[in-house]
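Me: Hi! I have a structure open and would like to talk it through with you. Can you take a look?
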Amino acid sequence: MRRLSGLSLTVDENEDFLKATMGSMDMVYNIARRMVPRPEDAQDLVQETYLAAFRAWTEHRRPRAVEPWLATICLNVARSGFRHRARRPQEVPWDQAPVQAEASTDPERDAIEALDRDALHRAMWALPEEQRVAIALVDLAGLSTAEAAEAMQTPRGTVLSRLHRGRRSLALLLGAQIEERDS
Amino acid sequence: MPGRLRPHDPERNAAEYVSGELRRRARRWFEAHLLDCEDCWREVLLGRAGRRVAESARELAPAELREDVRTAVLLSDRPRRRRRKT
């Protein structure tokens, strides 16, 4: 264990936390992107999430599963005034920043990824927040619906309903584009 | 419906099926049910298409964000304990 003189900081604890959580950053970022519309604010939200998680970690409130734990913290930070504190105006809900998508070897997925990114983001932000969050947690973050229900503090049946309605809306909004590109 | 394992709820059943969360027995029942039920079949198709669209919105966290978070955590001290009131 390495100690820095004059500080109560224990470097091993910080490193342990980073080792346990840094692999989940893409997941947290994808949730944050659906909680606040601008990429810059999403990055701030991710950083606040990690610092809040680290505070909990140092108080020995450690999770059984890291990803649902971080997802819950991210939702709580976003809902506890983060969006109001975000300095940047939010009247322009679609980001114009280039999106760095994950690599894919799936032709069907490639066809969908060729969709207009702006249209995709508009469609996501056109969803009611609870549907967008359910989709972010399950389809983007990869949580189970039971884990999403715990993070959202709502019954699993409600999550299933929000998830399906959100998916259906996305399909109806963007399905025609997919079919055009596939044909 | 004789032999039904689940209530007829196209939204919920489609959401669970598309998410891969139906257990084997329930999945078999539902797949057989899909052959006869236009409502459930339509919801599964829409749910599946919507999920693919949603997944295509997945992004990678920017590299500079990783560095910023790493630095912030490494520089972060443990929170100070509150003093007890006497």
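Me: Where does Gln153(A) lie?
Reply: Gln153(A) is in the loop between α8 (145–152) and α9 of chain A. Keep in mind that this is a predicted model.

Me: Thanks. Is Gln153(A) buried or exposed?
Reply: Gln153(A) counts as exposed, because it has 9 C-beta neighbours inside 10 Å, and the cut-off for exposed is 12 or fewer.

Me: And what about the phi of Gln153(A)?
Reply: That phi is positive, at about 55°, although Gln153(A) is not a glycine. As background, most residues other than glycine have a negative phi.

Me: OK, let's zoom out. How many helices and strands does chain A have?
Reply: Chain A has 9 helices and 0 strands. Along the sequence the pattern reads α-α-α-α-α-α-α-α-α.

Me: How much of chain A is buried?
Reply: Buried residues account for 41% of the 183 residues in chain A. As for contacts between residues at least 6 apart in sequence, 70% of those in chain A join residues at least 24 apart.

Me: Which domains is chain A divided into?
Reply: There is domain 1 (7–92) and domain 2 (106–183). In chain A, 10 residues of domain 1 are in contact with 14 residues of domain 2.

Me: Which helices supply the domain 1 side of that?
Reply: On the side of domain 1 that touches domain 2, α2 and α4 of chain A each supply at least two residues. The largest share, 5 residues, comes from α4(A). By class, that side of domain 1 divides into 6 nonpolar, 2 polar and 2 charged residues.

Me: What about the largest nonpolar core, which residues touch the most other members?
Reply: Those are Ile31(A), Ala32(A), Val46(A), Cys74(A) and Leu137(A), in a core of 62 residues. Helix α4 (residues 66–85) of chain A gives the largest share of this core, 8 residues.

Me: Why does this core lie between domain 1 and domain 2 of chain A?
Reply: Both domain 1 (7–92) and domain 2 (106–183) of chain A give residues to this core, so the core lies between them.

Me: What does Leu75(A) touch?
Reply: Leu75(A) touches Ala151(A) and Met152(A), again not counting residues up to four places away in sequence.

Me: Changing topic: what does chain B look like?
Reply: Chain B has 4 helices and 0 strands, in the pattern α-α-α-α along the sequence. Of its 86 residues, 30% count as buried.

Me: How much of α1(B) is buried?
Reply: Helix α1 (residues 10–18) of chain B is mostly covered, with 7 of its 9 residues buried. Among the buried ones are Glu11(B), Asn13(B) and Tyr17(B). After α1(B) comes Gly20(B), with a positive phi near 70°.

Me: Now the contact between the chains. How many residues does each one give?
Reply: The contact takes 49 residues from chain A and 36 residues from chain B. Several helices of chain A each supply at least two residues to it, including α1 (11–21), α3 (39–58) and α7 (129–140). The largest share of the chain A side, 13 residues, comes from α9(A). By class, that side has 26 nonpolar, 14 polar and 9 charged residues.

Me: What ipTM does the predictor give the complex?
Reply: The predictor gives an ipTM of 0.81, along with a pTM of 0.79. For chain B, the mean pLDDT is 85, and 83% of its residues reach 70 or more.

Me: Where in chain B does pLDDT stay under 50?
Reply: That is residues 80–86 of chain B, for which the model has 0 contacts beyond four places in sequence. Where pLDDT is low, the predicted coordinates should not be read in detail.

How values were computed: Residues numbered from 1 in each chain as written. Chains lettered and ligands numbered in written order. Predicted model: local features only at pLDDT ≥ 70, side-chain atom pairs only at ≥ 80, totals over all residues. Core = buried A, V, L, I, M, F, W, Y, C linked by C-beta atoms within 7 Å. Buried ≥ 20, exposed ≤ 12 C-beta atoms within 10 Å, placed from the backbone. Domains from an automatic or database assignment. Contact = placed C-beta atoms within 7 Å. Nonpolar A, V, L, I, M, F, W, Y, C, P; charged D, E, K, R; others polar. pLDDT = per-residue confidence, 0-100.
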